[in-house]
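I opened this entry to look up a pocket, a helix and some rings. My notes follow in that order.

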Amino acid sequence: VHSQPEPRTMEEAKALKQLLLNHCQEQTEQRIAGIIDSLTKIEEARNGETKSSAGDKFETGRAMMQMEEAKLNRQLEEVLKVRQVLDQIDPLYTGKRIAAGSLVATNRGNYFLAVGLGKVRLEKRVFFCTSMDSPIGRQLLGKTAGESFLFNELEFVVQGMAVSYNH
């Protein structure tokens, strides 16, 4: 199941990794902006609310806003960690072992080890953006071309990394 054409040159592979990294960064920044926007709306609603004669209703609404705010703050913390991971990725990494930022071809698809965004279509190809902490990411980390592993009872064979695509 290897229908996508592979990068033909080292430069094309590096450009593709940079595109994938940029895509991951854009998605992450959009999530951060969305969470901050929601937090701002909660703050505005809280500041605009006045204690009415319906005291219980006021307290219930305030408690719900606090719960939502706490949830959004946890999400923001997680997304900021994701951004930190992305900031540490070197798209020019050319080691022989799979590491953060590696673009890996397997017999079951192409994987970009960065953050867990799932399936991404770029340049008429499909890539799975996955984190190093995900089950598949942990299986891929440290492998080299030619190595294989079982995942969900399926055999995966590492066919190469972006830097070793020069056929």
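I sorted residues by kind: Ala, Val, Leu, Ile, Met, Phe, Trp, Tyr, Cys and Pro count as nonpolar, Asp, Glu, Lys and Arg as charged, and the others, Gly among them, as polar. I note that this is a predicted model.

**Pocket.** I looked up the largest pocket and found about 230 Å³ of space in it. Its lining divides into 5 nonpolar, 4 polar and 3 charged residues. Among the lining residues I listed Gln27, Thr28, Arg31, Glu78, Lys81, Val115 and Ser131. Two elements give two or more residues to this lining: α1 (10-48) and α2 (55-87). I saw that α2 supplies the largest share, 5 residues.

**Helix α1.** I checked its span next. α1 has 39 residues and reaches 57 Å from its first C-alpha to its last, close to the 57 Å expected at 1.5 Å a residue. I then looked up the buried residues of α1, which include Ala13, Leu16, Lys17, Cys24, Ile35 and Arg46. Thr28 is one of the buried residues of α1, and Thr28 also lines the largest pocket.

**Rings.** I found 4 aromatic pairs in the structure. Phe149 and Phe156 have ring centres 5.2 Å apart and planes at 10 degrees, so I logged the pair as stacked. Phe149 counts as buried at 7% relative accessibility. Phe156 counts as buried at 5%. Ring pairs link Tyr111, Phe128, Phe149, Phe151 and Phe156 into a cluster. What sits over the ring of Phe156? I found the charged end of Arg108 there, 5.8 Å from the ring centre.

Conventions:
Residues are numbered from 1 along each chain as its sequence is written. This is a predicted model: local features need pLDDT of at least 70, side-chain atom pairs count only at pLDDT 80 or more; totals for chains, interfaces and linings use all residues. Side-chain values use heavy atoms; hydrogens and water are left out. On a 1 Å grid over the protein atoms alone, a cavity is a set of points where a 1.4 Å probe fits but cannot get out, and a pocket is an open set with protein on both sides within 12 Å along at least five of seven lines; lining residues have an atom within 4 Å of a point. Grid points are joined across faces, edges and corners, and a volume is the space filled by probe spheres set on the points. Helices (H or I, at least four residues) and strands (E, at least two) are DSSP runs, numbered from the N terminus. The expected span of a helix is 1.5 Å times one less than its number of residues. Buried means under 20% relative accessible area, exposed over 50%, partly exposed in between (1.4 Å probe, protein chains only). Rings of Phe, Tyr and Trp (its six-membered ring) pair if their centres lie within 6.5 Å; planes under 30 degrees apart count as stacked, over 60 as edge-to-face and the rest as tilted. A charge sits over a ring if NZ of Lys or CZ of Arg is within 6 Å of the ring centre and within 35 degrees of the ring normal.
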